[in-house]
Amino acid sequence: MLKKIYGLALMLVMLLVSATAMAQSVTVTGNVTDQTGEVVIGASILEKGTSNGTITDFDGNFSISVDANATLVISYVGYQTQEVAIKGKKVVNVVMADDTQLLQEVVAVGYGTQTKKEITGSVSSVKAESFNKGVSANPMGLIQGKVAGLTIIKNGGDDPAQNSYNVQLRGVGSLSGAASPLYVIDGVPGGDLSSVLPSDIESIDVLKDGSAAAIYGTRANAGVILITTKRGSKDGKFHAEYNGNVSTGVIADAPRVLTADEYREKMVNGGFGGIDYGANTNWLKEITRTPISHTHNVSVSGGTENFNFRASAGYRGLQGVALNSDYEELNARFAANQKTLNKRLELAYDFSYTSSDKNWANYDNFNQAVRSNPTMPVTSDEDRFVKYGGYFESDNFYTRNPVSDIMQTTNDQKDQVVLGSVRATLNIIDGLKFSTFYSIQNNTSWNGKYQNSTLRDVYGKGGSASQSYSGYTQQVVENTLQYVAQWDAHAFQAMIGQGYQTETFQGFNAYNTGFPLDKLLYNNLGLGTGIVDGKGASAYAGLGSYKYKDKLASFFARVMYNYDQRYFLSASVRFEGSSKFGVKADPILGQWGVFPSISGSWNIMGEEFMANVQNLDDLKIRLGYGVTGNMPGDHYLYAMKVGAGGDYIFSNGKFIQPWGPQSNVNETIRWEEKHEFNFGFDFGAFGNRFSGSLDAYFRNTTDLLYEYDVPVPPYPFGKMWDNYGIIHNYGIELQLNGTAIQTKDWTWDLGFNAAWNRNMVVRITGDQYGAEGVESFVNTGYISSGDGETGNYTMRLAEGQPIGNFYGYKYYGFDKDGNWVFETPKGGYTTNPQEADKQIIGNAQPLLTLGFNTTLRYKEFDLGLNFRGQIGGLIFNETRYFYENTRGVENCLASAFEGDAQYMLTWKTSGSEKASLRRFSDFYLENASYLKLNDLTIGYTPNLPENFSKWISYIRVYFTAQNLFTLTGYSGHDPASVSMSGLTPGFDGRSYYPTQRSFNLGLQFKF
Amino acid sequence: MFILEKIMKLNKFFIGILAASMCFTTACTDLEPEIYSDVLKDDYYKTPEQFSTLVANAYSQLAGEYGYIYREGYWSMQEYTTDEVVIPTRGTDWFDNGVPQAMHKHTWEANTRDINNGWSFAYGGVAKCNTVLDNIKEIAGEDESQYSDAAKAGVAEAKTLRAFYHLLAMDLYGNVAIDDNSEEVKTNGVKQSTRKEVFEWIEKELLDNLDVMDNTVRYGSMTRPVARMILAKMYLNAEVYTGTPMWEKCIEQCDSIINGGYGYMLNPDYFTTFKKDNTANMEIIFPIVFDQVYAKGNMFHLITLHYVHQEVYGFTTQPWNGPCTLGSFYDKYDDKDLRKAQWFVGPIMKDGKVLKYSNSTLTDADAIIADTVTTIEDGTAANTFEGPRFVKFEIEPGIEHHANADFPIYRYADVLLMKAECLMRLNGGSSTSEALALVNEVHTRAGLPAYTNITLDELLDERGRELAWEGHRRQDLIRFGKFTTGMWEFMSPRSTNRNIFPIPQWVLDANPGVYKQNTWQ
């Protein structure tokens, strides 16, 4: 009996053993291609659940020994991962499909690309189809409101000649003016944004946190924005595309001033000393027009795997709402990729040329249009105005006839940007690549300006002319060596690199007065007498030139590792030196600085325990730390320079100019540093139809460069550049995307982003220069009172406070005599406020900035809306400060007779008391919250019948309305155009080029 | 694809570029600065000419629109506060936040703009002199005994100028700080001294450097006679500064100037001293040398003349119609006094016709400048014409902002009047024959009959008539005890504490614990 049981047991055991032994290894071979038939080299083949894997070779073939019941997991960047059960087959061929899942999306990071799955830092990527629609001055306009924490505000309203934006990432982090991010265009660091047309851009990637941006070192404090342009197509066919539109617009924000009749009724007959000159002039109308603009671009591309190219040309002719305010631009671009040497060597060439012509408008004319008396005529036959060209001019010297200024001033500019680069990448052996890169960029700008001899501002000088030229050349060389390896579930990537860059700045200008004819404008500078007889202030005749050169050398390295695509780790360091620093900048490193970073992420969805979670497709958390830097703008700040300065002194019988140091010198000037921690969390659910990410960050910016007040004596000058200040920023950013509907006929996509940022000045002055016990602060935000009076400061930068605090009187009301009544800091009231009664009366920075966009598609029709806005924040309305009272006999705002402001008017109208009608207090600060419909697009993309599609493969007609409406309580100019960056955020100035509501009609077709 | 083949052949060209760029990399750590349009200190100060431009810095604080004659700074503090200058608010112009009126009516505060500027002016000058001294040390070495004559003279010039700037500060603010560029000051900052201590330090600095300086006249430079003039001014006002009068010492310095063989003299014609080509004139002892091209800043014609004057003189910019003198001051001039011509009153004529002026309140009014000022508050229509205008400096037709006439900080006529005053004070306030002779040199030059007797009050008036708008009036009024007594229109008597200005609030804030505020109210 026992023998039988033993035997059975043995058999069972042997069965078990043989069962396992029977599950033998099988050698499976196969080939991996993509949907176009191209082989995929280096695709990963993994036996699921094990660490047994391989990669495909140069022909896309693989061979792997696996269990016969195994499942193969085939994956590669840019393609959807596939799983194929062997089921006994010996040959498995796989066709990989383009990956559209969110975390497989490829994103440009510094010196390479990563998938969203692999990213450990905070990177936001915006693809071409998500860009804002309509006419955009430069690429930054395409992503306004799309990236949480990136605030983009256009400079100069909708002036077409002003094509720059003020871009700020994650709060104010610099004291020395507006620090803009580093723009990298197709690998060229510091590329000029005006060399790229929006229609040539494939994607814009924003490296938001320190760990992502640290690879760029001393220019990356304000973030890094990578712009990738479109490349040629590889399908062997020739493609061409045309995109054009025509647009017109109207002014979207104009202050409401008194009309001529209202002026007569209120200012003249109301006893405020207004003068009726008899005319009826709408000044704003006199200086504006209905603009018509059009843009066109054409692109062709074609090629194969071994050689493909893309060439494009574009034209833009934009008119602004102001008279004589125009912009014309021609742009040509060529990009090619080539593979040779048996596909081991890849070459990429890029070349672009941009030429533009502008007429600048004088923004102060819009201020003059507000303050000018509406009963003044534009022109006049009176004798006393003949010398001013027949234009009527006010008695008041600070009021100028704006039409006279437009008609009698010429301000032309021509710019050119040439950008070329070459990159060669050599695959040395499997996994090891060497890449070398060279680029050159040259910008030239020429400006000519002329003011007629009959313009009152320059009357008596005989006209005033100037010409100036500036040139900039940048050369960059970068060499990198990259190694990629994969074994089992470990993937490893390392890169080391070296870079060197030079920038040369040059300029020349000459200006003169005393011309015999206005007709020559600025074209014959030598003809003027000003420069010969030295008459007049030197502001009117003279010449000058300059040349500077900067050098930047760097060495950098990066390591990226992941285990099983679940645990990712990345570390980088950049070692960079600049000629802008002296050898005393750092006691050990001299001119060099070190910028390290480390970050990691955990792909939670890849874990076993998440395998059964329904509806959740992607879940990842990231943590990163990185150090970036910022350099001063001045080229030789640390050097002991001398210069000629000041008036000539009579010495030993002749005039000599004194020479000496012109400023305090500081040999220890060094870069600013920003240390940042970032925690992030990404998710995707419901088949990745709902996805998003949340980031929280803390930034500590130290060694801030600023011109600090220093005591005189012992210093010879009252200010000195030094690295001293410290600012903290912290915040949270949220980005959500969703596809609500996706069917054959309907698609509805939504996107939302919001950012909350707090900042604090930790140190700005202190015992280093001042003395202990004093509250450390700097007054900023100086406004002149205008009209020859002295001004005052409106903001205060203080330790322990955020940037953007307004500092002034706290408004309470008006008393029965029309006096201002202010609250004192101790809680009392006063009608005669003193300096000590000033206090912090609000902060300009908003609580939240948001963006929202949605696209709806039904069959051939689409509707897209992009919103952006902010909640909270304060704006100082300078126009109300100057013109919401009857102080001058010029015009005023209609609101001077409404609301609380009307009680001011019972004031006696004698000079000294009239002056105090203008007092800076929170009466002139308004809530800056707004929601703006940035653009609304309706498009129609008809399905083309068979015979058409031989010629035209795609056609689309669209209508876009830009800046259609803005919901806001702010009564001044467009709150979205008021800068919220820099040291004086929230200033809505009087001299402001209006924003425009535009309507575009466009056509796009592809062959 | 023929074109494509062509392009593919170009790849050799591109590989060439890449090879070149790799060679570039060998220079890959060169960070030497390349400087093209800036000048480093080590490149300069190599020739004597270049060296003299270094010393010139010590003078530059006085020059220009914002220097000694800055109407919102030093000059305002010495002149707007007196009966010599007033700025009526003309319409909406010149009210300037009430500052000129506060200065004129003696209602200034510790944060009034002009008072703030006066301090930065004086100590900015001190800082410039100290920088010059530091730079000389760097170039010529630490050991002063080894210096060349040029360097020694440069050091003496800079130290004397430094003492002069301290004098200006002490005259205005009384208890100021001494910045002698010593190690002590460089490490620990300055300390406040009493007015007397500052006086003594200035006196010592001047006396110590007197013998090193050139004993000649070099127009525009600080030489020995100029230093003596500064000493004379110090001693003249010694009773105000220290409580102890030093009239004899003042007389001693004046005698050194008069009898020193320098060639100083009174011009036979009063106005020669103020002509546009008055450079190197021997009546001027210490000038600020102006020039419409090289050394801009003399804008007296611009600030005082009426708008309509542009048509008379053909200026390229319209004048600003600002400061003028008071009726009471104008009345001090006898009609036969040739100096009365330094004031413009009456109709503004061109081609024999009175010019007309229109603005928002007047239409074609006759442009007639009135000889009094009736109101300094805001503008009645007539206000635009009120007040005699200052035309002492030659008015140059066709110029713009800047005139060529040099401004005399100190001149010889003052020396004569100073000596006369000291003699009289030593004589109990009555005139002596020597004092009379001195005053009469000045008085008769003005076309008036000689004095037979003169009182101190009359001497004060004579000083006013002679030296109007030259920056001496406040000092003179204080010395005669009449600055705060409210003796002219628009002024009311104030506390004599206002003979000293408050130390500006910004100075107290920037240097906590260093200064104790004056008793100034």
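Reader: Which residues of α13(B) meet residues of α17(B)?

Author: In this predicted model, W247(B), C250(B), I251(B), C254(B), I257(B) and I258(B) of α13(B) meet V415(B), M418(B), K419(B), C422(B), L423(B), R425(B) and L426(B) of α17(B), where two residues are in contact if their C-beta atoms, placed from the backbone, lie within 7 Å. By class, this contact of α13(B) with α17(B) holds 11 nonpolar, no polar and two charged residues (Ala, Val, Leu, Ile, Met, Phe, Trp, Tyr, Cys and Pro count as nonpolar, Asp, Glu, Lys and Arg as charged, and the others, Gly among them, as polar). The helices are DSSP runs of H or I with at least four residues, and strands are runs of E with at least two, both numbered from the N terminus.

Reader: At what angle do α13(B) and α17(B) pack, and how far apart are their axes?

Author: Two packed helices are described by the angle between their axes and the distance between the axes. For α13(B) and α17(B) the angle is about 150° and the axes are 9 Å apart (axes are lines fitted to C-alpha atoms, for helices over the stretch in contact, and angles run from 0 to 180 degrees between N-to-C directions). The two helices, α13(B) and α17(B), are therefore roughly antiparallel to each other (under 35 degrees counts as roughly parallel, over 145 as roughly antiparallel, 65 to 115 as roughly perpendicular and the rest as oblique). Their crossing is left-handed, a term used if the near helix is turned anticlockwise from the far one by less than a right angle, with right-handed used if clockwise.

Reader: How do α17(B) and α18(B) pack?

Author: Helix α17 (residues 412-426) of chain B packs with helix α18 (residues 433-445) of chain B at about 155°, their axes being 8 Å apart, and α17(B) and α18(B) are therefore roughly antiparallel to each other. The contact includes L416(B), A420(B) and L423(B) of α17(B), and L438(B) and V442(B) of α18(B), and its residues divide into 10 nonpolar, no polar and three charged.

Reader: And at what angle do the axes of α11(B) and α13(B) cross?

Author: The axes of helix α11 (residues 224-236) of chain B and helix α13 (residues 247-258) of chain B cross at roughly 155° and come within 8 Å, and α11(B) passes α13(B) in a left-handed crossing. Among the residues in this contact are M229(B) and Y235(B) of α11(B) and C250(B) and Q253(B) of α13(B), and by class there are nine nonpolar, two polar and two charged.

Reader: How are the residues and chains labelled, and which confidence limits apply?

Author: Residues are numbered from 1 along each chain as its sequence is written, and chains are lettered from A and ligands numbered from 1 in the order in which they are written. In this predicted model, local features need pLDDT of at least 70 and side-chain atom pairs count only at pLDDT 80 or more, whereas totals for chains, interfaces and linings use all residues.
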